[in-house]
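These are my notebook entries on a structure that I am opening for the first time. I go through helices, ligand surroundings and a few single residues in turn.

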Amino acid sequence: MSKKVYIRTFGCQMNQADTEIITALLLDEGYAMAGSEDEADLIVLNTCAVRENAVEKILNQLDQLRAKKRRRPELLVGVIGCVPQYFREKLFAMAEGIDFLAGPDTYRELPGMIVRASQGRRPADFTHSIHETYAEIEPARPSGTGAFVPVMRGCNNMCAFCVVPFTRGRERSRPLRSVLDDVSRLASSGCREITLLGQNVNSYHDALNDCRFPELLEQVGLAAPDLRVRFTTSHPKDISPDLVRVIATTDNICNSIHLPVQSGSSRILSMMNRGHTREEYLDKIRMIRDAIPGVTLSTDLIAGFCGETLDDHRQTISLMEEVRFDFAYMFHYSVRPGTPAAKSLDDDVAKEEKKRRLAEIIELQNRISAECHAADIGSVVEVLVESESKRSSDMLMGRTKTNRVVVFGRKGSEPGDLVKVRILSATSATLLGEQA
Ligand code: SAM
Ligand code: SF4
Ligand code: F3S
């Protein structure tokens, strides 16, 4: 009987997409997917190291898995992804019960590593590759209306606070042909929406074909005109007039852009090595809004970065008020050893103060999100149905092209349908309506 594997995925969408690649690799080797951890012969944690609490979460998970291993000594536990790439072999000593460690560029080696792990040899591989994109592996995607299409890996930006350039290595792009083939396959398999993925998706560059992100996006949009096309995460410095034109003129490319700003203070942005000022960011926002009517913008924000004064914090608040993001992922700064900030800047904002600033940012964002959503009340929006709502099987959940979540009464529609919904009420997170 084939061995069963269960994979738990943490962190960003890149990690979710990697899990789909690993699943494909392991299925190909004769493994079966376990329905639960209790059925599994092998449990794999695909991990995230971006913030301190992300790592704590993995260590807690390993604590829980130790009890399982005591009951079933033959159970193998592997830790893969960004945490092992960041801590390397030290991770074996940080938590008991780990049988193997693998970094993000080594997944093709997993089958061999699992065999060595079952012999008690505790293999570990952290090799970085400047070529690996897993381009020809067809991911084993879960069924659903949407699919991730990874187009590039790694990051060359070296933002001072960030572990990603260390955990994911240098930027490299998947060849245009391989992306287009994947998209065509998805289009003919009933998928309704794709999200092009990269840590820094708009710095995509297939050097062999001299194809950059605007061209890739346009070609993907044209190759699959019936699919909605999204992309994430964009870096402000790589938002070009060309890219904005493609979004504005290609009908099926969604008019929502996730554009992390991190801080509203040019002084802090420079210390963060973000490569742009507050004014340059605001100029890009104006360019986007002028060219793409109705576009929604979202962002990432960090409260309490090294040296952040109250005045810097107020500039973040004022930038939020000026841009009016539809939503934001908001964090307080946590030092990541080995990063440029950890090496050369003082983490001098007290934890309590970081939390206070973060709470202020969250409160403001909730108010702005609620106001943005309230503006949709009374209008009719087009919704791509994704699933039943968590609240009730009589309700469906879907998204607008602007990435707003809509919950509405079922009336015979199914996931995958495009329906018109009249918006009746709104919260900071959701629009509520009825089929028009
Ligand atoms: N590549 C994207 C970008 O350029 O913004 C996202 C990178 S990161 C995976 C996602 C978010 O985590 C960042 O945008 C940042 O807001 C946050 N983040 C990264 N490092 C952090 C740290 N040390 N402390 C707090 N938040 C952090
Ligand atoms: Fe991290 Fe900056 Fe790269 Fe985003 S662009 S992954 S924040 S280094
Ligand atoms: Fe985390 Fe690695 Fe993604 S550190 S955010 S899983 S690239």
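Which residues of α11 are buried? Before answering I note the ground rules: this is a predicted model, in which local features need pLDDT of at least 70 and side-chain atom pairs count only at pLDDT 80 or more, while totals for chains, interfaces and linings use all residues. Residues are numbered from 1 along each chain as its sequence is written, chains are lettered from A and ligands numbered from 1 in the order in which they are written, and side-chain values use heavy atoms, with hydrogens and water left out.

**Entry on helix α11**

I looked up the buried residues of α11 and found R278, Y281, L282, I285 and I288, where buried means under 20% relative accessible area, exposed over 50% and partly exposed in between, with a 1.4 Å probe and protein chains only. They lie on the same side of α11, because they cover an arc of only 120° around the axis, the arc being that of the directions from the helix axis to the C-beta atoms. Helices here are DSSP runs of H or I with at least four residues, strands are runs of E with at least two, and both are numbered from the N terminus. I then checked the length: α11 runs over residues 278–291, has 14 residues, and reaches 20 Å from its first C-alpha to its last, close to the 20 Å expected, the expected span being 1.5 Å times one less than the number of residues. Its buried residues are covered by elements including α9 (241–249), β14 (256–258), α10 (266–271), β15 (296–303) and α12 (310–323), with contact meaning heavy atoms within 4.5 Å.

**Entry on helix α1**

With 12 of the 16 residues buried, α1 is largely enclosed by the rest of the structure; among them I noted M14, N15, D18, E20 and L26. Following α1 I found G30, which has a positive phi near 95°.

**Entry on the ligands**

How many residues surround ligand 1? I found 15, the closest being R51, Q199, Q262, D300 and S334, where a residue is near a molecule or strand if one of its heavy atoms lies within 4 Å of it. Looking for polar contacts (pairs of N or O atoms within 3.5 Å; within protein, one must be able to donate a hydrogen and the other to accept it, and residues adjacent in sequence count only if both atoms are side-chain atoms), I saw oxygen atoms of ligand 1 at 2.9 Å from a polar side-chain atom of R51 and at 2.7 Å from one of Q262. A nitrogen atom of ligand 1 lies 3.1 Å from a polar backbone atom of F161.

Around ligand 2 I listed residues including C155, C159, C162, Q199, H235 and R274, and the shell by class has seven nonpolar, three polar and one charged residues. Here Ala, Val, Leu, Ile, Met, Phe, Trp, Tyr, Cys and Pro count as nonpolar, Asp, Glu, Lys and Arg as charged, and the others, Gly among them, as polar. Around ligand 3 the residues include C12, N15, C48, C82, R168 and Q199, with five nonpolar, three polar and one charged in the shell.

I found T296 in strand β15, where it counts as buried at 7% relative accessibility. Its side chain reaches the backbone oxygen of T402 at 2.7 Å, and beyond its neighbours within four places in sequence T296 is in contact with N255, S256, I257, D326, T402 and R404. D326 sits in the loop between α12 and β16 and counts as buried at 6% relative accessibility. Not counting residues up to four places away in sequence, D326 touches T296, L297, Q365, S369, C372, H373 and R404.

Is T339 buried or exposed? At 0% relative accessibility T339 counts as buried, and I located T339 in the loop between β16 (327–332) and α13 (340–344). A polar atom of its side chain lies 2.6 Å from the backbone oxygen of R336, and one lies 3.5 Å from the backbone oxygen of A160.

T309, in the loop between β15 and α12, is partly exposed with a relative accessible area of 36%. Leaving aside neighbours within four places in sequence, I found T309 in contact with R267 and R357.
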